[in-house]
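Here are some quick notes on the charged side chains, as promised. Have the structure open while you go through them.

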Amino acid sequence: MKNLLILVLLIFSMTIAPAQEPGGDVQKMPWKKFSPARGDKGKPAFSPWEYMKKEDEFITNKAKLTVVEANSVCPLLHKMKDEQRRLDFQAHHLLDQASNENLSEAASQTLLKRIKELNTQKLAVENEYHRQMLKFISAKKLLQFLQADMNFDRFMLHQMFMGAHGAPPCDKKD
């Protein structure tokens with residue numbers, strides 16, 4: 001019985017060994033290169049939840065929000081951004097449609113009108129969420145909150161393009 005178990009394990013390990021050659025599984029299955037844990041070139045993959053967590057921490061610290069205020073206002077910020085993102089997606093879809101088709105002047109005017117309506121809706125969404133946020137924090141804190149949100153966006157763009165140490169990212173070519 002022991003010999004049979006050892007034989008089965010030996011055969012099993014021999015069938016797995018060729019798949020574990022350096023870079024072999026990536027060449028056979030290229031999607032393995034882009035696993036949820038790691039992105040392209042070994043960088044950590046983007047995680048929206050980590051991004052929102054960092055955003056909440058950054059804004060809470062910069063705007064000097066209490067825990068109660070942050071727990072009330074940050075979810076509203078994320079809902080607002082989700083709605084705005086949805087409206088932006090619709091506007092970009094219309095712009096893509098315009099660039100892919102040979103539109104008449106009237107159709108172009110209609111698309112422009114619809115894009116302006118979407119931008120107006122986006123501003124209305126922002127105003128509505130700001131009104132809701134004012135129920136939990138003062139106008140002064142809301143301004144600090146909005147400034148911190150803007151600073152976070154700039155900070156993250158800087159991190160993406162300049163790297164964590166302030167130097168521009170470079171790809172080493174061996």
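A salt bridge here is a side-chain nitrogen of Lys or Arg within 4 Å of a carboxyl oxygen of Asp or Glu. Keep in mind that this is a predicted model.

1. Let's start with the pair inside one helix. The side chains of D82 and R85 form a salt bridge, with N and O 2.7 Å apart. The two residues sit three apart in helix α4, so about one helical turn separates them.

2. E69 makes a salt bridge with K141, and their closest N and O atoms are 2.9 Å apart. Because E69 belongs to helix α4 (residues 67-100) and K141 to helix α6 (residues 139-162), this contact ties together parts that are 72 residues apart in sequence. E69 is buried, its relative accessible area being 16%.

3. K81 and D149 are worth a look as well: their side chains meet in a salt bridge at 2.8 Å, N to O. K81 is in helix α4 and D149 in helix α6, so the pair ties together parts 68 residues apart in sequence. Both K81 and D149 are buried.

4. For the overall tally, the structure holds eight salt bridges.

Terms used: Residues numbered from 1 in each chain as written. Predicted model: local features only at pLDDT ≥ 70, side-chain atom pairs only at ≥ 80, totals over all residues. Heavy atoms only, no water. Helix = DSSP H or I, 4+ residues; strand = E, 2+ residues; numbered from the N terminus. Buried < 20%, exposed > 50% of the residue type's maximum accessible area, 1.4 Å probe, protein only.
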